[in-house]
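Me: Here is a chain to go through. Let us take it in short questions, starting with the overall fold.

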Amino acid sequence: MIEQGMASFWAGERVRLRGFEPDDWIAFMHLATDEEQLTDLLHPPRSAEDFRAWAKEQDAAKPDGDYFRLAIEAAGTGEIVGTVGSHHADPRAGCFEYGVTIGAEHRREGYAVEAVVLLLRFMFAEMRYHKCEARIFAHNEAPLALQRRLGLVEEGRRRDRVFLSGRHHDLVIMGMLADEFAQLHSPSEL
């Protein structure tokens, strides 16, 4: 429960997490271009109208259990700087995965760390999950460093698991338990 005068659970010093709005389509079109330039994901080109329709669908979509994506807004400007969300949630086993994307011009400004901590705090403290996992391409050092900074540890590596840009790449599986998160990230941290 949020006390009067207390900031939103979904806001930190640098970011505010929120649902998607129909007018967010331009920001998501730019994020998709950034992902392609990093060679993290390669999809066929999409039209502006496709992004408009997608943003409208996201705005109208109801939450699907513990699977959700949120826009990451810069606290000072209200500009969308990325997305964060949970997926592959298994409440019975108490495990979930998460993903985060930050636009190229906003990287290394602390947005990803703060957004992920907000998401993990919700999933561990409010939804009572026990374990979080993230899957990262082994050749992508920046996301691997982010996971380590957050406190996730490498649990395994799937050799030649993904095919991208004409060759196979390893996939690194990293994880963190709820009690490890609580030790590293105090409730007053944000």
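Me: How many helices and strands does the chain have?
Reply: This is a predicted model. Along the sequence, the elements run β-α-α-β-β-β-α-β-α-β-β-α. The secondary structure comes to five helices and seven strands.

Me: What share of the contacts in the chain with a separation of 6 or more comes from residues 24 or more positions apart?
Reply: The chain has 190 residues, and 42% of them count as buried. Its accessible surface is about 11300 Å², with 50% belonging to carbon and sulfur atoms. Among contacts with a separation of 6 or more, the share from residues 24 or more positions apart is 61%.

Me: How far apart are the end C-alpha atoms of helix α3?
Reply: Helix α3 covers residues 111-126, which makes 16 residues. At 1.5 Å a residue, the helix should span 22 Å. The model agrees: the end C-alpha atoms are 22 Å apart.

Me: Is α3 mostly covered or mostly open, and how many of its residues are buried?
Reply: The cut-off for buried is under 20% relative accessible area. By that test α3 is mostly covered. The count of buried residues is 14 of 16.

Me: Which residue just after α3 takes a positive phi?
Reply: Most residues other than glycine have a negative phi. Just after α3, a phi of about 65 degrees is found. The residue is Arg 128.

Me: On what arc around the axis of α4 do its buried residues lie?
Reply: In helix α4, residues 141-150, the buried residues are Leu 144, Leu 146, Gln 147 and Leu 150. They sit on the same side of α4, because the arc they cover is only 155 degrees.

Me: Which residues are exposed on the other side of α4?
Reply: An α-helix has 3.6 residues a turn, so residues three or four places apart point the same way. The buried residues of α4 pack against β4, α3, β5, β7 and α5. On the other side, the exposed residues are Glu 141 and Arg 149.

Me: What kind of ring pair do Phe 9 and Phe 122 make?
Reply: The whole structure holds seven aromatic pairs. For Phe 9 and Phe 122, the ring centres are 6.3 Å apart and the planes stand at 70 degrees. Planes over 60 degrees apart count as edge-to-face. So this pair is edge-to-face.

Me: How many residues apart in sequence are the parts that this pair ties together?
Reply: Phe 9 lies in the segment before β1, and Phe 122 in helix α3. Phe 9 is partly exposed at 26% relative accessible area, while Phe 122 counts as buried at 16%. The parts they tie together are 113 residues apart.

Me: What kind of pair do Trp 10 and Phe 122 make?
Reply: Their ring centres are 4.9 Å apart, with planes at 50 degrees, so the pair is tilted. Trp 10 also lies in the segment before β1, so it ties together with α3 parts that are 112 residues apart in sequence. Trp 10 is partly exposed, at 25% relative accessible area. The kind of pair is tilted.

Me: Which residues do ring pairs link into a cluster?
Reply: Rings of this kind pair if their centres lie within 6.5 Å. Linked pair by pair, the cluster holds Phe 9, Trp 10, Phe 68 and Phe 122.

Me: Are β3 and β4 parallel or antiparallel, and over how many bridges do they pair?
Reply: β3 and β4 form a hairpin with four residues between them. In the turn, Gly 94 has a positive phi of about 75 degrees. Ser 86 stands opposite Tyr 98 in β4. The pairing is antiparallel, over seven bridges.

Me: Which residue in β5 stands opposite Cys 95?
Reply: β4 and β5 pair in the parallel sense over three bridges. Opposite Cys 95 stands Lys 131.

Me: Where does Arg 108 lie?
Reply: Arg 108 has a positive phi of about 65 degrees although it is not a glycine. At 78% relative accessibility, it counts as exposed. Arg 108 lies in the loop between β4 and α3.

Me: Which strand holds Asp 160?
Reply: Asp 160 has a positive phi, near 45 degrees. It is partly exposed, with a relative accessible area of 49%. The strand is β6.

Definitions and conventions
Residues are numbered from 1 along each chain as its sequence is written. This is a predicted model: local features need pLDDT of at least 70, side-chain atom pairs count only at pLDDT 80 or more; totals for chains, interfaces and linings use all residues. Side-chain values use heavy atoms; hydrogens and water are left out. Helices (H or I, at least four residues) and strands (E, at least two) are DSSP runs, numbered from the N terminus. The expected span of a helix is 1.5 Å times one less than its number of residues. Buried means under 20% relative accessible area, exposed over 50%, partly exposed in between (1.4 Å probe, protein chains only). Contact means heavy atoms within 4.5 Å. Accessible areas come from the Shrake-Rupley method with a 1.4 Å probe; for residues, only the protein chains shown count as cover. The arc is that of the directions from the helix axis to the C-beta atoms. Rings of Phe, Tyr and Trp (its six-membered ring) pair if their centres lie within 6.5 Å; planes under 30 degrees apart count as stacked, over 60 as edge-to-face and the rest as tilted. Two strands pair if DSSP finds at least two bridges between them.
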